[in-house]
Amino acid sequence: MIWSTPWLMISLDVAILAILAVVFVVLARSGFFKGGEIPRTGRILVFVGITVACLFYLADLLIMTILPKYVDQQKTMEAMTFLHLEVQWYTSISSLFLITAGIMVIARQRKHIEATIRRNARRVERVQDEIMQSEQRFRSLIEQTKDAVYCFEFDPPMPTDLPLAEQVEFIKRGVVVECNQVFANAVGVESIPYAIGLRFGDLDSAKDVRSHADLVRAFAENDYQLDSFELLYKSIDGHDRALSVNFTGVIENDHLVRIWGAEVDVLAQKQVNAALKSRRDFQEFVADISSRLISINDDEPDAALLDCMKDASTFLDAERARIFWYDSEKMIIELEYFWSRHGGVPLTSVSMRTFPWLASKMLAGETTRLSCNDRAPSEADKDLEKMRGLGFTSIVAAPLVVNAASLGVMAFVNASDDRQWSDQDMTDIRVIADLFAGAVGRIYNRQALNLALSELRDAKERLEAENIYLRQEISTTHGFDEIRGESSQLRKCLHQVQQVAGTTTSVLIQGETGTGKELIARAIHERSLRKDRPLVKVNCAALPANLIESELFGHEKGAYTGAHSRKRGRFDLAHKGTLFLDEIGDFPLDLQGKLLRVVQEGEFQRLGGTDNIEVDVRLIAATNRDLQRAVDRGEFRADLYYRINTFPIFLPKLIDREGDIPILAEHIVKKQAALLGKEITAISATMMEHLQSYSWPGNVRELESVIQRALISSVGPVLELSESVATLAKAEKVVSGNAKTGSVDLSAAERSHIEEVLGQARWVIGGAEGAAEKLGIPPSTLRSKMKKLGIHRPTPLS
């Protein structure tokens, strides 16, 4: 048979081996034997089946090629061939079984794997859908958020072991691969596509590179994580920006692949926070400064106010602060308080015409600002020119309003820098100015009150001194309150009084003793503009030379032994009034220079004092001496004489006043009778003849004394002389002597007469035999006079 030939069997073995080898190689190269998705059991069965077949056919090939060389017998060959075929059959069947079993296992497992793959594919699709939905949600989220969200990617990634400076520069090369519209708007582009591809470094502004460098440096130093980093920088368009930045770096294999970032614009919030802080700071400042201004005491008010001005200037970032007070009459503002950070000499006064625009605003009660670098109305050109001339760059001024009246201005000035004053600054300054206005007003009111109290004390002292003086004057008055007479000589004098009364000219009244020089002085004073102030009288002849200086000019405490307190002089008392120096011819020569200084310059020094005291006094002098002759003899200063003799008035003697004696007598009787409580209806003809025939060397004063003595002794309604002519002549000498010494005391005469009558009536006041009846006055009047004159019934001796 053909199959029994050795060469055919060999060929078959080679063919089968070749086929098995090809199959094995194909399966090996496809990774069949490496595992993967092919089940292990199927792979083993196929591998074992192929291996068994290959080994069998390889062994068979060797036997068929080697055995015929040693076996010649045909029967043996046939037996071997039969054996070969049997073994080949079983071997093939076994290999085929193994391979078929492996393929079946593989097929079965493959179905399972395909089912698994289909399930996984469906799962993958679901995952991809979820990823897509997640991406959509993420995209929607970053688009809807108000924060700017973006992603920078690096190609190639950045090694994290680079030096910090190189990392900063490397990160600037990161490219935007993802962002939302908020980010696009923030970087100044219209839409997201225009933002994609921007480099991180492109976001730097030429006006601010350092801020982003600080951001990147902080990101690298913090292990590529940043949380709420505050980034303050200038944008490309030059605006201030403030961001709160969050960075998250994606690290792969020690390389920074990308940066996810989210940032929120916090500029508005920072501005609000800054505004709130500014308001809190301002409220605290106002509370502090107002309490300090209110508590300013009278000890050092100016220093306390300047300290408050310093703090206000520091708070407002102003270099200088000024407080001016208006002088509307002079159209100027007077500097009251000044503080400067750099010192310097302030302007003491400024004309409102120098700053007309600012002045108009201040007078209108408006808080105003003016800067050399800002646009200002054309009306302020003159103000700006003056500001530049003074070296000022900006001024803000607020009116000082006290009791709804604008009385001054508070100004804050800068010179070295151009301080920009906001609307809020203007409101704050108005509040501060109102606080200072109240404080300055209180200081001024307190100072005015203190001045008023001081003036009141001075006035009280002056009034007390005037009262003492007036009581002294009342105690020595002669009762004349007006001038009586119709003679031409008297009328001439009164005409001169009328002429000079309305002026401030010094007057010298000359005439004999008793002619009424003091009455003329009073008439001049009462018809002058000084009539509401006192007429102060000094009798130069009645004062000792060593006391006249103290009496006229006053003295300080301790000026001499016995000067235990300060005393105001007569010039002090006569301030704004009139000083009447009677008998000025007797004024000490060594004091006439000091008197001349007061008359000429209106100032003097108290005895023992060094301060010059200014007074406004009109001088009226009187004398019965010939001063011109005294000047010629060197007894009176010529310059003083010419100063007081500006307007001389010569009074006539009573004997030369024809027809005036009856008029004067009737006037004296009427006045003195009322004082004495008597009713006199007429003067007897005899008495009148005596009065008109007498020479009256004592003039009117002597006439008054004689009439008063007659009134005291008179008991009827017709006044009679109770004394003889000889007694009258004797009394004349007494009166003349008293007149020369100025010691006439009518009260003493009245007291003596009443005591005499009381003694006659045995101190019985009422009744037909009482003293009141003898005196011709009611008992109540007599008791009143006794009390006034200090008359008491003597105590009987035991």
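Four bridges join strands S9 and S10, which run antiparallel; strands here are DSSP E runs of at least two residues, helices are H or I runs of at least four, and both are numbered from the N terminus. Strands count as paired if DSSP finds at least two bridges between them. This is a predicted model, where local features need pLDDT of at least 70 and side-chain atom pairs count only at pLDDT 80 or more, while totals for chains, interfaces and linings use all residues. Residues are numbered from 1 along each chain as its sequence is written, and side-chain values use heavy atoms, leaving out hydrogens and water.

- Thr368 has Ala397 in S10 as its bridge partner.
- The open sheet has six strands in the order S8-S7-S6-S11-S10-S9, with antiparallel pairing.
- S8 (349-351) and S9 (368-371) are at the edges with a single partner strand each, so one side of each has no neighbour in the sheet.
- From one strand to the next, the twist averages 25°.

**Helices on the sheet**
- Helix H9 lies across S6, S7 and S11, at about 75° to S7; axes are lines fitted to C-alpha atoms, for helices over the stretch in contact, and angles run from 0 to 180 degrees between N-to-C directions.
- Helix H11 (residues 381-390) packs on the sheet, touching S9 and S10, and its direction makes about 60° with that of S9. Contact here means heavy atoms within 4.5 Å.

**The largest nonpolar core**
- Leu305, Ile323, Phe412 and Phe436 touch the most other members of this 34-residue core. Such a core is a set of buried Ala, Val, Leu, Ile, Met, Phe, Trp, Tyr and Cys residues joined through side-chain atoms within 4.5 Å; buried means under 20% relative accessible area, exposed over 50% and partly exposed in between, with a 1.4 Å probe and protein chains only.
- Among the elements giving two or more residues to this core are helix H8 (267-294), strand S6 (320-327) and helix H12 (423-476).
- H12 supplies the largest share of this core, ten residues.
- Beyond its neighbours within four places in sequence, Phe412 has contacts that include Ala312, Leu316, Ile395, Trp421 and Ile429.

**Strand S12 and its partners**
- Val507 and Ile509 point one way from S12 (residues 507-510), Leu508 and Gln510 point the other way, and all are buried.
- S12 pairs with S19 (residues 618-623) in the parallel sense over four bridges, and Leu508 stands opposite Ala621 in S19.
- Four bridges also join S12 to S20 (residues 647-650), running parallel, with Val507 opposite Phe647 in S20.
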